Amino acid sequence: MFRRRRGTGRATGERAGPVTAQGPVSDAIGLEGVGREYRRGVVALHPVDLAVPRGRFLAVMGPSGSGKSTLLQCAAGLDRPTAGTVRIGGTELSSLSEAALTRLRRERVGFVFQAHALVPSLSVAENVALPLLLGGTAGTERVRQGLADVGLGERGDAAPSELSGGQCQRVAVARALVTGPDIVFADEPTGSLDPAAARDVLALLRRAVDRDGHTVVMVTHDPVAAAWTDEALFLAGGRVVGRETRPDAAQVGRIMRSLGRAEGVERDGGHERRGRDGGRAA
Ligand code: ADP
């Protein structure tokens, strides 16, 4: 039903196009040495370099606790890394005040969460308009077009409670795209959907990249979802441990299983050590 166009295959770290003092202008986002350490020396993310060119659909994958959310939060300006720099569309985030960072997130970053996070007291159209209204514009035509784009042109006056879960997530996609952001972060956007609704949402994200040149970074544990992207980045233990260009579901599934096994071995090893050292059973 949906035709997919594959990306160009340029690896995420490769650079093309002119380079300015702020990094290549073609990059939607650039991370240099970005790390996040919590108190008591918990390292959630070891320093990572990552450049995502504009017009790229990237999946971030890895077992639970591997650092995916931390990476996403730091990249999106929702959390401040303890090392390194993040640039969104050439703007370095650490130089921004909280107010400027909030404005940048509202105007230049789109978010899609696992739960659609629509405001229940607002209509569907008002939900899509929200990022524009907060920025001082009505954007009626953009909202109308955005809803039409996700196949909900006739449902603008409905309340979110009148829509299915899949339809709500399509509204969330329209809301994420309405400002024409530099980058869209999607955190398990299909995690609560049935396969058909998931497919619709993934097709919309794919089209946003292919047709409109948007850039999407999607955290997912689902190999089928990753197969819609141009590249999958694998994390384990807070480090980037692999990359797969033009990922296919079977290959991604194998990698995820092997990472899961590796984590299991690490954990079991830890138990065994504790068992020997502390007299506890493995
Ligand atoms: P994922 O999204 O892959 O499940 P996270 O980024 O949530 O992984 O977590 C990575 C690591 O950082 C985990 O070991 C987690 O326990 C730890 N971590 C996450 N948030 C905090 C926090 N606020 N304080 C301390 N440790 C944290």
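## R80 and its surroundings

The side chain of R80 makes a polar contact with the side chain of E98, at 3.0 Å. This comes from a predicted model. R80 sits in the loop between α1 and β6 (83–88). Its relative accessibility is 33%, so R80 counts as partly exposed, the range between under 20% for buried and over 50% for exposed.

Leaving aside residues up to four places away in sequence, R80 touches R36, L93, S94, L96, S97, E98 and L101. One of these, L93, is 13 residues from R80 in sequence, and the two C-alpha atoms are 8.7 Å apart in space.

## The four-stranded sheet

Four strands form an open sheet in the order β4-β3-β6-β7, with antiparallel pairing. At its edges stand β4 and β7 (91–92); each has a single partner strand, so one side of each is left without a neighbour in the sheet.

The antiparallel strands β3 and β4 are joined by seven bridges. In this pairing, L31 stands opposite L50 in β4.

Rolling a probe the size of a water molecule over the atoms shows where empty space is left. Across the whole structure, a search finds one cavity of 30 Å³ or more. The largest cavity has a volume of about 80 Å³. It is lined by 13 residues, and those closest to its centre are L50, L71, A75, F185 and V217. L50 is also the residue of β4 that stands opposite L31.

Several elements each supply at least two residues of this lining: β3 (27–37), β4 (43–53), β5 (57–61), α1 (68–75) and β10 (216–219). The largest share, four residues, comes from α1. By class, the lining of the largest cavity divides into 12 nonpolar residues, no polar residues and one charged residue.

## The largest pocket

The largest pocket holds about 290 Å³ of space. Its lining consists of 13 residues, with R106, V109, F111, P131 and R175 lying nearest the centre.

At least two lining residues of the largest pocket come from each of α2 (98–108), β8 (109–112), α3 (124–134) and α5 (165–177). Sorted by class, the lining of this pocket has eight nonpolar, two polar and three charged residues.

How values were computed: Residues are numbered from 1 along each chain as its sequence is written. This is a predicted model: local features need pLDDT of at least 70, side-chain atom pairs count only at pLDDT 80 or more; totals for chains, interfaces and linings use all residues. Side-chain values use heavy atoms; hydrogens and water are left out. On a 1 Å grid over the protein atoms alone, a cavity is a set of points where a 1.4 Å probe fits but cannot get out, and a pocket is an open set with protein on both sides within 12 Å along at least five of seven lines; lining residues have an atom within 4 Å of a point. Grid points are joined across faces, edges and corners, and a volume is the space filled by probe spheres set on the points. Ala, Val, Leu, Ile, Met, Phe, Trp, Tyr, Cys and Pro count as nonpolar, Asp, Glu, Lys and Arg as charged, and the others, Gly among them, as polar. Buried means under 20% relative accessible area, exposed over 50%, partly exposed in between (1.4 Å probe, protein chains only). Contact means heavy atoms within 4.5 Å. A polar contact is a pair of N or O atoms within 3.5 Å; within protein, one must be able to donate a hydrogen and the other to accept it, and residues adjacent in sequence count only if both atoms are side-chain atoms. Two strands pair if DSSP finds at least two bridges between them.
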